[in-house]
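Here is a short report on one protein model. Look at the structure first, then read on.

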Amino acid sequence: MRDEHFIRGSLPMTKSEVRAVSLSKLELTPGAVFWDVGAGTGSVTVEAARLLGQMGGAGGVSTYRSETDGDGVWEARPDGDGVWKARPDGDGVWEARPDGDGVWKARPDGGCAGGARAHAGAAVYAVEKEEEGIRLIRENKARLVPGFDAFHPIWGRAPEALYALPAPSHVFIGGSGGALRQIVEVVLEKNERARIVANVAALETLAQCMEIMEAFRFKEQEIVQVAAARVERMGRYHLQKAMNPVFVVTMQFPVYMGEKT
């Protein structure tokens, strides 16, 4: 999808060439539960939703079940503005309390929120800490994938905003806010078989990725540098205009779950 199709605002956006490689490395499958952490404008989430919609069985049902207390199954449904609230399907009353980042968590037993599992269709979650980003994500969703119902903008900071989400099958990390290791830990706690793809520009962050790969001993790990250039006309000539190189890092199947930080 062309970059100009997206409403961008002032936030950085993953360029189309890098999105293409990243989505290829994600290897999305029908019925996937996809997290986009540090979603920015939502460009990767939107393209993931389009791919999942083309695969079929996606977006039609956005009901998730939270099996946290062992006493029954409660359903969490998103309301119209994308904020998740818990509604009981039995006798008791469940409360949904916002945490410090504005993300709602269902707490049936007074403890921490448990994991949720998707039971019908694929779903995508765009986690973003900036209010402008959440607005842009919603606008881009409405414009570009209006028929994909299971599209959930989540306003909050990772990793805190991730605890209440359903276990992912695929995760894209576009920005970590300095919490890359903690984000990976939450992903693996939810689903140790989840496929993780991260975009990295700074060498310091790449070094962090390599440390994480070493710590968890992923069976599948790969680092690819994407260095694309677009041809632009300048007078009588056509010249290359290079984009900033980006490392696309892929991790899956840890051998060792590591020491939690």
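Two residues are in contact when they have heavy atoms within 4.5 Å. Keep that in mind for this predicted model. Take the contacts in the protein with a separation of 6 or more: residues 24 or more positions apart account for 71% of them.

Now the overall picture. The protein has 5 helices and 15 strands. Of its 261 residues, 43% count as buried. The protein exposes about 12,900 Å², and carbon and sulfur atoms supply 48% of that area.

What is the order of the strands in the open sheet of 7 strands? The order is 9-8-1-10-11-15-12, and the pairing is mixed. Strand 9 and strand 12 are the edge strands, each pairing on one side only. On average, neighbouring strands of this sheet are turned by 15° against each other, direction ignored.

Strand 10 and strand 11 run parallel, joined by 4 bridges. Val171 stands opposite Ile196 in strand 11. In general, strands of a sheet pair through backbone hydrogen bonds.

| Helix | Strands involved | Angle |
|---|---|---|
| Helix 1 (residues 16–26) | packs on the sheet, touching strands 1, 10, 11, 12 and 15 | about 160° with strand 11 |
| Helix 3 (residues 131–144) | lies across strand 8 and strand 9 | about 170° to strand 9 |

Finally, turn to the surface. Met234, Tyr237 and Leu239 form a nonpolar patch there. Together they have about 330 Å² of accessible area. Tyr237 lies in strand 14, which covers residues 237–242.

Note on methods
Residues numbered from 1 in each chain as written. Predicted model: local features only at pLDDT ≥ 70, side-chain atom pairs only at ≥ 80, totals over all residues. Heavy atoms only, no water. Pairing = 2+ DSSP bridges. Helix = DSSP H or I, 4+ residues; strand = E, 2+ residues; numbered from the N terminus. Axes fitted to C-alpha atoms, helices over the stretch in contact; angles between N-to-C directions. Patch = residues over 30% accessible without salt bridge, like charges linked within 9 Å, V, L, I, M, F, W, Y side chains within 5 Å. Areas by Shrake-Rupley, 256 points an atom, 1.4 Å probe, with all protein chains shown as cover. Salt bridge = Lys/Arg side-chain N within 4 Å of Asp/Glu carboxyl O. Buried < 20%, exposed > 50% of the residue type's maximum accessible area, 1.4 Å probe, protein only.
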